[in-house]
Amino acid sequence: MKRAGFTNVWLPIALLLPQLSIIAIFFYWPAGWALQSSFYLQDPFGFGSTFVGFENYTDLTRNREYLRIAGFTVVFCGLVTFFSLALALLLAVKADKVIRGAKTYRTLLMWVYAIAPPVAGFMGIMFFDQRNGPITEFFQVLGWDFKLGVNYFDTATAMIMVSVWKQIPVNFIFFLSGLQSIPRAVREAAMIDNRSAAGRFWGVTFPLLAPTAFFLLIINITYALFDTFGIIDTLMKGEPGNNPMTLVYKVYLDGFRGNDLGGSSAQSVILMILVLALTVFQFRLIERRIHYT
Amino acid sequence: MAQVSLSNIRKVYPNGFEAVQPSDIQINDGEFVVLVGPSGCGKSTLLRMIAGLEDISDGELRIGDRVVNDVDPADRDIAMVFQNYALYPHMTVEKNMGYGIKNRGASKEEIARKVAEAAGMLNLTEYLTRRPSQLSGGQRQRVAMGRAIVRDPALFLFDEPLSNLDAKLRNQMRIEIKALQRRLGTTAVYVTHDQVEAMTMADRIIVLNGGRIEQIGTPSQIYHNPASTFVASFMGAPPMNLLEGRFDNGTVMINGGTALMPSPLQRSGPITVGIRPEDVLLEPTGPLPFQVDIVEELGAHRLLHGRLEDQNFTVHVDKETHVSPGALRIALKQDALRLFDVKTGQSL
Amino acid sequence: MAELSTTSDTLTTAKAQPVRRKRIKISNIVDHAVLIAGAVLMLLPVVMVFLTTGFEDTDILRNGLRIDVGPHMGENFSNAMFERSGFTEAITGMRMLTNSLILGVGFALGKIAISLLAAYAIVYFRLRFATLAFWIIFTTLLLPLEVRILPSYEAIQRLGMTNTYGGLIIPLIASATATFFFRQFLMSVPEELAEAARIDGAGPVKFFIDILVPLSRTMIAAIFIIMFVFGWNQYLWPTMITTEESMFTLVRGIKQIVAVLEGGTIPEYGKSLALAIIAMIPPVLIVVFFQNWFVKGLTESDK
C-alpha cells in the first residue's frame, strides 16, 4: 500500500473483480472440489459416490506403487535440481568473467528456455532412439546397452538428462544476473583481500549469490514436479507401462485413464499441500530479501 | 495568493504516535515561511497536511478564507515541489509542466503560453522537448519549480527541494527560488533540515522538535534570541556554546568558578549559559581562561576548539588572527550571554 | 579434454616467465572453452533435428539424426505446414500455428490486463479487505494448473467450454504470477509520483492511464514475452481440453506425432521433425530478439 492511496470504494473492487472471479471459478472451485471428492469413493460407471473419509489417503500410504512413484519423484527432483543448478552456475560464472563475446554467449545459452518441454521430449526420443539415437550409440561405446522405454533405469536417465538440458537456461539467466548485480567495489575489495580466485568465489561471490540460489532451488523443485510433465509423457510415448513417472503424472493417469476420481483427488490434495508449503517457504524468503536489500 | 492559518492542527497516527502536537501557525499573504528541524520532528508531516496528502487528525486548516481540511489536494489551489522532484519520467519537460493545468481543462494555447512563460523565467526554454532523464539535477529541480509556477497557485509548498543537489548548486538554487518567490509574490511554505537554508531564505522560521513548535520568528530573532537550548544548538554553525553554570550571590558563574556577569534575575541554583562563538574576543588580559586544542582553518575565518573551565568551547576568529594550540585569555562582547533553564531548556 | 591438457602444459611453461599476462590468458582460454562447450550442448541437438528434416522418412528410420544437409527440407516443411492430417483430416500445421498464436497472445494479453488492474487496486487504494484480497490472489502463486488439472477439467466441462479458446485460455490465467510481478513493480514506483499527480488533479483513472501504464511499458513488454512463451508451450491442459483436432496447438500436436511413432507403418519423421522446429520458432525468436526485456522481466519478478 502506498502512503497516499486513493480512497474510492467501488473502483478498486471493480479493478479486482476480473482477477478474483477467474480465480474463484478456475482455482478455488476446482481446488475445493478436489478436496471434497478426495473423501469420496466414486463409482467407476458414474452412478454416484460414497463418503469414505480418509480412506483414499490411507490407501495411498499403503499403495506400494504410489510410494515407489513418490520415491522416484524425490530422486528425480533432487537430481534435476542439482545438475541444472550446478551446470548453470558454472556457465554463469564463466559468462560473467569473459569480456569478449559475453552477449553472444548469453544468447546461445539462454534461448532453449523457449522450447516447450514436450518438444524437448520428442527430441529426446530421437536422441535416445534404441536403434540409431546418437546418445544411445555413445552409451553403447561405453558398454551400456541403453533401452529407452524398456529399461526403468535407462528411461529415468533419459528423463533426467532432457529435463536438465531444458532447465539450464533459466538457472543460467538468474545466476548471471545475480553475479552482475554484485557491486564492483565488493569484487575489488575481495581482489585485494584474497589472492586465490577460488577462495574469492567461495568466500565472497557464492554467499552473495545465496539468495538467488535459494530462490532458484524452489523454482527448480516446482519445475521438476510439474513442468516436466511434457517431457515425461513424450519420452514414454504416452505408454506408462513399467516406466518411471512423477506424482503429477500419476494424478493424471489415475484420474483420466484409471477413472479413480477419489484416489486421484487425494493425490492432488497432497500435491497442493506440498506446493503450498513451498510457497510459504518462498514467501518467507522473499520477505527477508526485501527486508535486507 | 493567500494567507494560511493552522489552528490546533494535530497529527496522530493509527498506532498512537503523535507526529505533530497541537500547533497554531499564521502565515501571511506573500510570506516565505521555513519549517526547520531535525529528521522526525514532524516538519514534513505538517507540510503534507497542508498539501492534503496526509489527513489532519484535529484542528482547522484554512487557505485563504476556506477551511480545507476535507478538500482534495487537487482542489486546494497549491503546488508542491518534492525532494526527488517527482517528475513524470515518460513525459517531456513541456508535458510535465503542463500536466496540472491540462487536467484543469486549460486550453492548448493557454497551456503553451504559461509553460513558455515559466520556462523563460527558469531558463528552460531550450530543454522543453527533453525528458527528465536527459537533464542534470539542477535542471530537474528547475522543471519541478516550473511545474509549480505554471499552476499559478495560492500557495507553494517545498519539501526539502534542494537536498539532492551538490553544495554549489544548492547555494545558487537557494537564491533563485527566493528571488522567484519574491517576484511572484506567492505565499510559500518550505521544509528543510538545513539551518543555512532556513536562515537565508525565510521571512520567518518555524523551528520544530519532536512534533512541537520550539520557536517562531524572523531569522535574526531566532539566531540572536533562541527560545530554548534546542534552538540555540540547532541554528548556527558552529552552534552556540552551552556551558553549565549557576547563579551565585547575584552573579552568573560557570561551573569551575569563573564569574561572568552580575545576575539579571533574582534566582539561585544551576543554569545553562549560552555564548555564540563569534561573541568572544581574544584579549591577553581577558577575564576568562581558554585552552585551545585544535585550530580549524576555514579560509575566511578560523574556529578554535578547546575548553573553558574543562567544558567544550568554540571560538570564532577572523582570518587575520593567527593562533596556535595552547592557553589563551578571552573576553566576551557586550550582551553576549543567553541564559536558559537547566530543566526545561527554555530561555530566561 | 584436449583443451584441458594444453592449458596445464602452458601453465608449467608460464611459471618460468614473467607471469602476469600469461596467467590471465590461460584462464581466459578455459573460460571460453567451457562456454563454447555449453553453447554446443544447447545448440547442437536442435541443429541436428533441423538438419534431419532434409531427409526422407525411410532414410531417417534407417540412419537416425543427421549432421549433414539433405535435399528434402523444403518438401518436409511444406508438408508439415499445409498437408492435412490427423484422424479427421481436419488439421494442418498452419492451423496449429494459428491456434498456438491465439493461445500464446490471448493468454499473455488477458493475463496482463487482469493482473495490472488487480495490482493497481492492491497497491494504490486504501482497501479494507486489501490483505484478504492479497492472500486470496497470492495463494494461487506456484500452485500450477497441473495440480488441480482434474477438477479444472471438470469445471470447464460443466461450463460447456471444452474445445473453445475461452476454455483453453481462461483457466490458465487463474494464477497470480503476473499480479505479483506488477505489484512488486508498482511498489517500486516513487511515492511522490502519485502525490504529484494528485496535486496536479489526476484522479485514479487518469493517473493509471496517464502515468502508470506508460511507466510500465517495459515491464508490460517483459511480462508479455514470458507469458507468451508460457502460453505457447502449454501441453497438458490443451491435451485435455481440446479433443477436436481443429483446435490442436503445435505443442499439443507433438502428442499425436509421438503416438504414431510406435505404429507399424514408417512414421513421418521428416514432417514430424519439421513440425517440432516450427513449434520452436516463434517463442525462440521472441526470446532472442527481445532478450534484454525478457531477462529483466524474468529476473526482477523474484524481488
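1. Conventions. Residues are numbered from 1 along each chain as its sequence is written, and chains are lettered from A, with ligands numbered from 1, in the order in which they are written. As the model is predicted, local features need pLDDT of at least 70 and side-chain atom pairs count only at pLDDT 80 or more, while totals for chains, interfaces and linings use all residues; side-chain values use heavy atoms, with hydrogens and water left out.

2. Domains of chain C. Chain C is divided into domain 1 (2–82) and domain 2 (93–300), with bounds from an automatic or database domain assignment. Over C-alpha atoms, the centres of the two domains are 34 Å apart.

3. Extent of the domain contact. Contact (heavy atoms within 4.5 Å) joins 16 residues of domain 1 of chain C to 15 residues of domain 2 of chain C. The two domains bury about 1,400 Å² between them, 84% of it on carbon and sulfur atoms; buried area is the accessible area (1.4 Å probe) that two parts lose on being put together, summed over both. C:Asp57, C:Ala80 and C:Met81 supply 37% of the area that domain 1 buries against domain 2, more than any other three residues.

4. Polar features between the domains. There are zero salt bridges between domain 1 and domain 2 of chain C, a salt bridge being a side-chain nitrogen of Lys or Arg within 4 Å of a carboxyl oxygen of Asp or Glu. Five residue pairs (both at pLDDT 80 or more) are in polar contact, that is, a pair of N or O atoms within 3.5 Å; within protein, one must be able to donate a hydrogen and the other to accept it, and residues adjacent in sequence count only if both atoms are side-chain atoms.

5. Chains B and C. The contact takes 25 residues from chain B and 18 residues from chain C. The area buried between these chains is about 1,800 Å², of which carbon and sulfur atoms give 56%. B:Tyr88, B:His90 and B:Tyr99 supply 28% of the area that chain B buries against chain C, more than any other three residues.

6. Four salt bridges are found across the interface of chain B and chain C. B:Asp72 forms a salt bridge with C:Arg198, the closest N and O atoms being 3.8 Å apart.
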